[in-house]
Amino acid sequence: MQQTILIIDFGSQVTQLIARRLREIGVYTEILPSTADQAAAVAQKPAGIILSGGPNSVTAANTPRADDAVFSSNVPVLGICYGQQTMVAQLGGTVEAGNSREFGRADVTITSSSPLFGDEWQKDSVKSVWMSHGDHVSDLPDGFSVIASSPGAPFAVIANEDRRYYGVQFHPEVVHTDGGVDLLRNFARNICQLDATWSMAAYREQAVAAIREQVGPEGRVICGLSGGVDSSVAAILIHEAIGERLTCVFVDHGLLRKGEADEVVNLFGRHYNIPLIHADASEMFLSRLEGVSDPEQKRKIIGGAFIEVFDAESAKIENATFLAQGTLYPDVIESISAAGGNHVTIKSHHNVGGLPDDMALELVEPLRMLFKDEVRELGRECGLPETLVGRHPFPGPGLAIRVPGEITKEKLDILREADAVYLDEIRKHGLYDEIWQAFAVLLPVKTVGVMGDARSYEYVCALRAVTSTDGMTADVYPFEASFLTRVATRIVNEVKGVNRITYDITSKPPGTIEWE
C-alpha cells in the first residue's frame, strides 16, 4: 500500500467523495470501515491516512476511534470533522459537546502558511467552506497549532507540522468548499509525497494481469451479462485476459428498453466474438409476474427467476470454475458497513438478485475497486462505444418497476415506445450527458382525450429526468416548456395507447428517482 492513501471511515455519508476526489487527481485510495481491522491495514504501510467524518459524538462513550496503530505508524494523518475531533481527543486534547450546531457555509480565515495549504490557500485570505458539526475542539494536544479559524470554529484547521498531522473541522471533499480539492491534493502530493500515477490505462494492464493469474492457463469463466456498463466492462476485460475461455450468459427477461437485447447480442456475440448464450426467458418472466402489483414482490419474482435461468444455462458450460460479476467499490464498502459499520442504510438497491450459494464457483470481480465514473472511463479505455459507456443507470428489474401495478406485454410495449421517443428527443437536443437518469413511466391510469374528433380513453405516461452526482440525492432536470411540449406531442401521435403526458418535478428526497 506504499502508493495508497487509506481512508478510515467513521460513517460519514460523503466518505466516498474523499476517495473519488483523490482518485480524480491520480492518487489511489482505499476505504476501510472503522469497525474493520485498522491495525492490519496500517501495517501495510500506506503513504497517508485520512480519518473521515461521522454521525457520532467523540464526547459519548463507545463511539468509534482510530486504532493506536494510526498514531504510532509515522504516517501523515488528516482528520476531517469527526476525524479531527477523535484525533484531538486521542492525542490529549479536549473536545466539547456543542451548545449549537454549525451546518452550511462558513468563512474561514487562513492564519498561517502550511504544506496543507500550498500556494492555493494564502495566509490572511478567506475561504468559503462547508461545515457540518455539533461538537467542537476546545483545547489542542501538545505540538498542535491553529492555522485557520472561523467565528464558529476557532480551531477550523489545526496542524502538527513535525508529525505531519492535520485536522479540518469542515468537509473539503464536498463541492460547497471553495478549493477543498486543493487541500486533499496538497495532503497527498506535498505531505504524503505521492505521484499522480493512478489512471484507467494503468488499471487496465493491472486488471488483465490479475485475471490471468487468478484464472490460470486453463480456467473457464462464466459472466452474467446484463448489457449495462458494469457487466459489459467486466466482460471485455476478462475476454482480453483469457479470450474464448470466457462465456457470457445474457438472461433476457423481456423487461429491457427498446432494442437493448439485440444490441447486447450484436455487440458481444458478433462484434467482439465473445462466446454468448442468449437465454430468452421473457415469456417465463411475464407469466410469473401476471397479476402481481406489489413492487417488492415483483423484485423477488424477477430475482428468483433470474437465478433459475442463469443456473440452468451456466450448468451447460463444461469445466467452468469461475463466475464473473460487475461488483463495484461502493458495493464492497456498503457490504462491509452493513456487516457492522457506522452507516445508516438509506435505501435498498434495484439489483436483480444474488446468485445461488451452492454454485461452487470462484468469483472474478475485476471492477471491485472502482467507482462508477471510473468504470465508465475504463470502458472508454477498452474501446466500448459511448452509447454503452455513457448510458444512464437502469434498474435490474428493468421496466417492471416503471409500470406501477400489474404488468402486461401490452403495457411494456407501450412503455418501450414512449421511452424511446423521449430519449430520442433528449439526444437530439444534446441533453443526454447533462442528465443523470431519464425515463418514462406508464401509469395504471386511463384518462379521456380527444383524438381525431373522437373520444379516446388511454394511458397516462409520466416523464422523469434528474441531475445527480451519485444517485443519493437528485434534482429535477429543468427542461424548457417547449421541449416537454414537443415530447408530449410526439408520444401521443406516435405511441398507440397514450393520450396524456405528465412531467415529474419531485426531487430526491423526498421522492426516489424510480417510481417503485
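**Figure 1. Ser52 sits in the loop that runs between strand 3 (48–51) and helix 3 (68–71).** This is a predicted model, as are the views that follow. Ser52 has a relative accessible area of 0%, so it counts as buried. Setting aside neighbours within four places in sequence, Ser52 is in contact with Ile7, Ile8, Asp9, Phe10, Gly11, Ser12, Thr15, Ile18, Ile80, Tyr82 and Gly83. For a sense of scale, take Ile414: Ser52 and Ile414 are 362 residues apart in sequence, and their C-alpha atoms are 48 Å apart in space.

**Figure 2. Helix 4 (residues 82–90) is largely enclosed by the rest of the structure, because seven of its nine residues are buried.** The buried ones are Tyr82, Gly83, Gln84, Gln85, Thr86, Met87 and Val88. Just past the end of helix 4 comes Gly92, with a positive phi of about 105 degrees.

**Figure 3. Helix 12 (residues 372–381) has Glu374, Val375, Arg376, Leu378 and Gly379 as its buried residues.** What lies over them? The cover for the buried residues of helix 12 includes helix 1 (15–24), helix 6 (200–215), helix 7 (229–242) and helix 13 (386–389). Gly383 follows helix 12 and has a positive phi, near 90 degrees.

**Figure 4. The largest nonpolar core holds 47 residues.** Which of its members touch the most others? Those are Phe285, Tyr422, Ile426, Ile435, Phe479 and Ile491.

**Figure 5. Tyr422 is one of the residues that touch the most other members of the largest nonpolar core.** Leaving out neighbours within four places in sequence, Tyr422 is in contact with Ala438, Phe439, Ala440, Leu463, Arg464, Ala465, Phe479, Phe483, Val487 and Tyr503. Phe479, on that contact list, is itself among the core members that touch the most others.

**Figure 6. Asp262 belongs to helix 8 (residues 260–271).** Is this residue buried or exposed? With a relative accessible area of 52%, Asp262 counts as exposed. Asp262 and His278 are 16 residues apart in sequence, and from C-alpha to C-alpha they are 10.0 Å apart in space.

**Figure 7. Zooming back out, the protein chain has 15 helices and 20 strands.** Its radius of gyration is 26 Å, close to the 24 Å that the globule rule gives for 516 residues, so the chain is as compact as a globular protein of that length. Along the principal axes, the C-alpha atoms fill a box of roughly 80 × 60 × 40 Å. Buried residues account for 53% of the 516. Of the contacts between residues at least 6 apart in sequence, 76% join residues at least 24 apart. The accessible surface is about 22,500 Å², and carbon and sulfur atoms own 48% of that. As for charge, there are 45 positive and 69 negative charges, and their mean positions are 5 Å apart.

Key. Residues are numbered from 1 along each chain as its sequence is written. This is a predicted model: local features need pLDDT of at least 70, side-chain atom pairs count only at pLDDT 80 or more; totals for chains, interfaces and linings use all residues. Side-chain values use heavy atoms; hydrogens and water are left out. Buried means under 20% relative accessible area, exposed over 50%, partly exposed in between (1.4 Å probe, protein chains only). Helices (H or I, at least four residues) and strands (E, at least two) are DSSP runs, numbered from the N terminus. Contact means heavy atoms within 4.5 Å. A nonpolar core is a set of buried Ala, Val, Leu, Ile, Met, Phe, Trp, Tyr and Cys residues joined through side-chain atoms within 4.5 Å. The radius of gyration is taken over C-alpha atoms; the globule rule is 2.2 Å times the number of residues to the power 0.38. Accessible areas come from the Shrake-Rupley method with a 1.4 Å probe; for residues, only the protein chains shown count as cover. Lys and Arg count as positive and Asp and Glu as negative; His and the chain ends are not counted. The place of a charge is taken as NZ of Lys, CZ of Arg, CG of Asp or CD of Glu.
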